[in-house]
Amino acid sequence: MSEQTAVHRVQGLTLDQWMADVDQVVTDRLGISVHDLADFCAWDAWNDGMSPEDGAEMAMEGDDVASAYLDLL
């Protein structure tokens, strides 16, 4: 695998860009940052080609409070 492929795995985004998109989705849905949630395997999700929207969903579902809040919506 070339370095270019490894660095721009998802939609041409670097990991940092992907995380910024994930953070925006979480902020839009919950009003808090993805960094306020429980840790999730962001690198694995990015490396596996998960979209930022799916990554945000994974992060929110992995956090007990965020998950409970989403169940109320």
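Among contacts in the protein chain between residues at least 6 apart in sequence, 57% join residues at least 24 apart; here a contact means heavy atoms within 4.5 Å. Before going on, note that this is a predicted model, where local features need pLDDT of at least 70, side-chain atom pairs count only at pLDDT 80 or more, and totals for chains, interfaces and linings use all residues. Residues are numbered from 1 along each chain as its sequence is written, and side-chain values use heavy atoms, with hydrogens and water left out.

So what is the chain built from? Five helices and zero strands, running α-α-α-α-α from the N terminus on. Helices (H or I, at least four residues) and strands (E, at least two) are DSSP runs, numbered from the N terminus. Of the 73 residues, 32% are buried, where buried means under 20% relative accessible area, exposed over 50%, and partly exposed in between (1.4 Å probe, protein chains only).

Now for the inside. The largest nonpolar core has 17 residues, and Trp18, Val26, Val34, Leu37, Phe40 and Met60 have the most contacts inside it. A nonpolar core is a set of buried Ala, Val, Leu, Ile, Met, Phe, Trp, Tyr and Cys residues joined through side-chain atoms within 4.5 Å. Helices α2 (15–30), α3 (42–47), α4 (52–61) and α5 (64–72) each give two or more residues to this core, and α2 gives the largest share, five residues.

| Residue | Touches (heavy atoms within 4.5 Å) |
|---|---|
| Phe40 | Trp18, Met19, Val22, Val34, Gly55, Met58 and Ala59 |
| Ala45 | Trp18, Met50 and Met58 |

Ala45 lies in helix α3 and counts as buried because its relative accessibility is 3%. Ala45 and Gly55 are 10 residues apart in sequence, and their C-alpha atoms are 6.4 Å apart in space.

How do α2 and α4 meet? Their axes come within 8 Å and cross at roughly 60°, which makes α2 oblique to α4. Axes are lines fitted to C-alpha atoms, for helices over the stretch in contact, and angles run from 0 to 180 degrees between N-to-C directions. Angles under 35 degrees count as roughly parallel, over 145 as roughly antiparallel, 65 to 115 as roughly perpendicular and the rest as oblique. On the α2 side, the contact is made by residues including Trp18, Val22 and Arg29, and on the α4 side by residues including Pro52, Gly55 and Met60.

Definitions and conventions:
Lists of a residue's contacts leave out its neighbours within four places in sequence.
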